[in-house]
Amino acid sequence: MAKMIVNVEVNGELQELLTEPHRTLLDLLRDNLSLTGTKEGCGSGDCGACTVLIDGRPVNSCLVLAPEAEGRRVTTVEGLAEDNKLHPVQTAFIEEGGLQCGICTPGMLISAVALLRSNTEPSEQSIRYAISGNLCRCTGYDKIVRAIEVASKRMKANAAIASH
Amino acid sequence: MRAFAYHAPASLAEAVAILRREGPGGRVLAGGTDLLVQMKERGTVPRYVVSLRAVADLSHVTFQTGRGLVIGSRASLTDVITNRDVRERYPIIVESAGLVGSHQIQNLGTVGGNICNASPSADTAPPLIALGAILRLHSDQGPRELPIAEFFTGPGRTALEEGEVLAEIIVPDPQPHSGGSYERYTPRQEMDIAVASAASFVILAPDGTVSHAKIILGAVGPTPLHARAAEAMLVGKIPSGGLIEAAASAAVSDARPISDQRGSESYRRHLINVLTRRTLTRAIESARG
């Protein structure tokens, strides 16, 4: 099948990528751009390991055909840190032990960041609901939930300091 | 996935022209959350894919009194769930769309796709049938409208004809003194598929009697099913606990469940009784305001 060009913004940089229609956005990220932070788990939209943001919304990149990403803005786990400084959610995951094997972590981080953008003071229940499409087979989720709680409090405190 | 030709037309007219020109073996792509899984795992090998991505005017969710709610077939489940008019006027649609998959799936998947995929357990189908939704279908012969109640013909099968595309789902204006409710049963709270589900929708007359009742059962037949015996039992009567119990029992006899890995036939019948009772009770409460 004929190759085609897909224009997509990934982590703030415009990319012009050569691909085939039957490849996925996940393939584009990992194979064309070597952004291997985003993982493939089930490949069928159940596990959430491949979660990235498209135009700010979390989606399963394994279920997006590469050409469907045309003109969209994609954020992967590699795009969360700013100026070489980890995102507060990433720091909290490290401090609270919110990961073990690490395969689900990039997707978890993306879902957590998406939640905290729309809800700065999430309850435990809304945190659990926000990550319900991200499966973790190691942690039992408690430390992930705690890490997101810690991150939300710290981000709120930082925002309060910044506004003074 | 196997290779296929990919088309991303900029208009509906162009989309249906491609379908006519290319003929059988094509699939229409909206959100892709069902189609890609079928292409990866279930041996679906389309010769070509027509993506609705670039088609203008298919992602809208609009409400206008007198015209009802119009959901474009490319609007995501999230677009529908977060729409203020849908939240205010059609809570039953929000309830059901919010149960489909995860946030990630809701951000990609569409109500249109949930309907066209025609799974007997599709969560958005029973409420839309109960509300009397109309589907606007387009082909190169022009548009036609079909009540959604007549759309489902079997598991994965619909009344869509070769070369036809779902363009819009139209839900009539909310009626005064009406109420609806949807509930499904799943062993897990999230990321699961209904073992059985029920949608109830009622309109009450000024004297408090039921003037209109729709009870639609999901995942207990090859398509969503009308619980006609239960509906007939309600109309013209003042709702009471006893009447609701009787209607719930009648709904069980309208169900045609199978036994599979999600649940046995008898368990599904039990669920239909419980889910009909609960949804009917809530629908009547909300109709009474």
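Where chain A meets chain B, 30 residues of chain A and 30 residues of chain B take part in the contact, with contact meaning heavy atoms within 4.5 Å. This is a predicted model, in which local features need pLDDT of at least 70 and side-chain atom pairs count only at pLDDT 80 or more, while totals for chains, interfaces and linings use all residues. Residues are numbered from 1 along each chain as its sequence is written, chains are lettered from A and ligands numbered from 1 in the order in which they are written, and side-chain values use heavy atoms, leaving out hydrogens and water.

About 2,500 Å² is buried between the two chains, and carbon and sulfur atoms give 59% of that area. Buried area here is the accessible area (1.4 Å probe) that two parts lose on being put together, summed over both. A:Arg57, A:Leu63 and A:Glu68 supply 25% of what chain A buries against chain B, more than any other three residues.

Let us turn to the charged pairs. Side chains of opposite charge can pair when their charged atoms come close. The rule finds three salt bridges across the interface of chain A and chain B, each being a side-chain nitrogen of Lys or Arg within 4 Å of a carboxyl oxygen of Asp or Glu. In one of them, A:Arg57 meets B:Asp79 at 2.9 Å, N to O. B:Arg74 also forms a salt bridge with A:Glu68, whose closest N and O atoms are 3.9 Å apart. B:Arg74 sits in the loop between strand S5 (68-72) and H3 of chain B, and A:Glu68 in the loop between S4 and strand S5 (73-75) of chain A, so this pair joins two chains. Helices (H or I, at least four residues) and strands (E, at least two) are DSSP runs, numbered from the N terminus.

Now for a look at an open space. The second largest pocket has a volume of about 640 Å³. On a 1 Å grid over the protein atoms alone, a pocket is an open set of points where a 1.4 Å probe fits, with protein on both sides within 12 Å along at least five of seven lines; lining residues have an atom within 4 Å of a point. Grid points are joined across faces, edges and corners, and the volume is the space filled by probe spheres set on the points. Of the 25 lining residues, A:Ser118, A:Tyr129, B:Thr78, B:His103 and B:Gln106 are the closest to the centre of this pocket. H3(A) gives the most to the lining, with five residues.
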